[in-house]
Structures are given as structure tokens and as C-alpha cells.
Amino acid sequence: MLYHKTNAEIELMRESALLVGKTIAEVAKAIKPGVTTKELDTIAEKFIAANKAVPSFKNYKGYPFATCISVNDAVVHGFPNDIPLKEGDIVSVDVGVYKNGFHGDSAYTFAIGSPGEEVLQLLKATKESLYKGIEKATAGSRVGDIAFAIQDHTEKKRGYGVVRELVGHGLGRSLHEDPQVPNFGKRGSGAKLKEGLTIAIEPMVNLGVKEVTYDEDGWTVRTKDRKVSAHYEHNVCIKKGKADILSSFAEIEKAEKENTALNSSYY
Ligand code: CO
């Protein structure tokens, strides 16, 4: 069942999506060697509450935290924990908020200091692939056009591994709605996109192999070869000609540039 939103509903979704970006920016300001991901989770949870919203992930299918924070070889759904971050780590921060009846859901991967040129190139290409996917998110295209654009930019052109087990998704009154939005696939395949459909596009791209394993916690997804993985996520509304990006990285990227512990040299 595909839910096409009215303009009024889209504006409410934009509010939720923008709050997610502001929340990730608050987290970005605090990232530095020595800080724990549990401390970052607390910052996000307090900021969401202060903005009269609810963290979408907490208690979703039993997920126990407000955020997913996935470090290095953790791909997504990492549990915030008490391990201090260190120079050279890459940190994916994934946040969802529920406000005015609608969810926002974005993610961004940060580099602390110098993880090495190979890793910075992975971050750059993964973020670029998100925008390549968004370019295809227009009325009349198909889900497979988005999927192909992401896979082409990362796996086909650069040899990275695109995760198959997890995919992007419709987003609205529920965190996960139809359609599924894979990061791999054939051009011209899948559901046709119509105006008002709102989706989360979220490439998860591994430096090495595409295969993943699950930790004992039942949530944390990790690369099988234990090489690092990157994750970026935007929320977009399908329009004619050009997608309307409901979320924003503007505040996140500003915080990334201003925080001297973070590396923003890769774009
Ligand atoms: Co998502």
C-alpha cells in the first residue's frame, strides 16, 4: 500500500525531517576522541524531547535506544555503548523523530581525524551516491532507477560492497512504509514513483565485501570482512522533474566543519 501525502502532510513531514538534521548536528558538535556513543545518544534524546518530539527508534520492535550509532565495521543499527571513540574512527549517526503524526529519519557518517584516504573516499562516494539516487526520485521513474544509480556509483564504478539485507523505505505516519527502496537493482524495475510519495533513501556501502553479520545483541549489523562501512540517509518527496528533499544536511555539515575533531576534507 503506497501512501501519497497531501501538501499539508508534506510540510509536517518536512518539520520532522528538519528536526532530525538539527539533532544529528547537535551530536556532531560533541563528537571527539574520548566521548562514548552512549553520551552521544543522550544528547540526541534530550534534544528531541526539548523539541517536543519523540525518538522514532526507541522501542521500535524492541530497539532500546533513541539513536543507532554504528562505528567503523558496524554498518547500521549499532547500539550506543560505553566504548570511547578514538582518532581515525568513522561514526554513523542515525536518528528518527516522530512529531505531529509523522516520522523523519536521517543518517550521516562522520570521520574523526584521519581514517586514511581510502576511507574518506568511501564516505565521499557514498554521500554522492545518495544524491545520485535522489536525482532519480522523480514522478514517472521507478524504484529501480534510484537503486541502479546508487549501486552504479559505488559498487560498479568503485568496487565497494552494497549491502543487500537492508534497504531504504517509504516513510510517513509509520517509520517504515511501502515501497522498499534497495540500493541495488535494475533500471526501469520496481514500483512507479508518483507525486506525493515520501521515501527514505539510505545507501549502506562497505569498503570491502557486501556481506554482513549480526552481533549477539540481535541488532548491530557488521561487515563480514570487518572493513568499514558508510551510511547516509535523506527523506525525499517525489515531485515532477526534481525531488523535494525534506531533510537537510546543512546544519550537520556546518557542525562538521566547525568541529576541529571532525574531518570534513572529503567533499
Ligand atoms: Co531509514
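Student: At what angle do helix α1 and helix α2 pack, and how far apart are their axes?

Tutor: Good place to start! In this predicted model, α1 (residues 7-30) and α2 (residues 37-50) pack at an angle of about 145 degrees, and their axes are 9 Å apart. The crossing of α1 past α2 is right-handed.

Student: Which residues in α1 and α2 meet?

Tutor: From α1 come L19, K22, T23, E26, V27 and A30, and from α2 come L40, I43, A44, F47 and I48.

Student: Why is S141 called buried?

Tutor: Its relative accessible area is 14%. Buried means under 20%, so S141 with its 14% is buried.

Student: Where is S141, and what does S141 touch?

Tutor: S141 sits in the loop between α3 and α4. Setting aside residues up to four places away in sequence, S141 touches K136, A191, K192 and L193.

Student: What makes the pair of K136 and S141 a polar contact?

Tutor: The backbone oxygen of K136 lies 3.1 Å from a polar atom of the S141 side chain. The cut-off is within 3.5 Å, and 3.1 Å meets that distance limit.

Student: How do you know what span to expect for helix α3?

Tutor: Helix α3 has 19 residues, and at 1.5 Å a residue the expected span is 27 Å. From first C-alpha to last, α3 reaches 27 Å, close to that expectation.

Student: Which residues have the most contacts inside the largest nonpolar core?

Tutor: Those are I31, F110 and I201, in a core of 56 residues. A second, separate core has 13 residues, including W219 and L246. In soluble globular proteins, nonpolar side chains tend to be buried together.

Technical notes. Residues are numbered from 1 along each chain as its sequence is written. This is a predicted model: local features need pLDDT of at least 70, side-chain atom pairs count only at pLDDT 80 or more; totals for chains, interfaces and linings use all residues. Side-chain values use heavy atoms; hydrogens and water are left out. Helices (H or I, at least four residues) and strands (E, at least two) are DSSP runs, numbered from the N terminus. The expected span of a helix is 1.5 Å times one less than its number of residues. Buried means under 20% relative accessible area, exposed over 50%, partly exposed in between (1.4 Å probe, protein chains only). A polar contact is a pair of N or O atoms within 3.5 Å; within protein, one must be able to donate a hydrogen and the other to accept it, and residues adjacent in sequence count only if both atoms are side-chain atoms. Contact means heavy atoms within 4.5 Å. A nonpolar core is a set of buried Ala, Val, Leu, Ile, Met, Phe, Trp, Tyr and Cys residues joined through side-chain atoms within 4.5 Å. Axes are lines fitted to C-alpha atoms, for helices over the stretch in contact, and angles run from 0 to 180 degrees between N-to-C directions. A crossing is left-handed if the near helix is turned anticlockwise from the far one by less than a right angle, and right-handed if clockwise.
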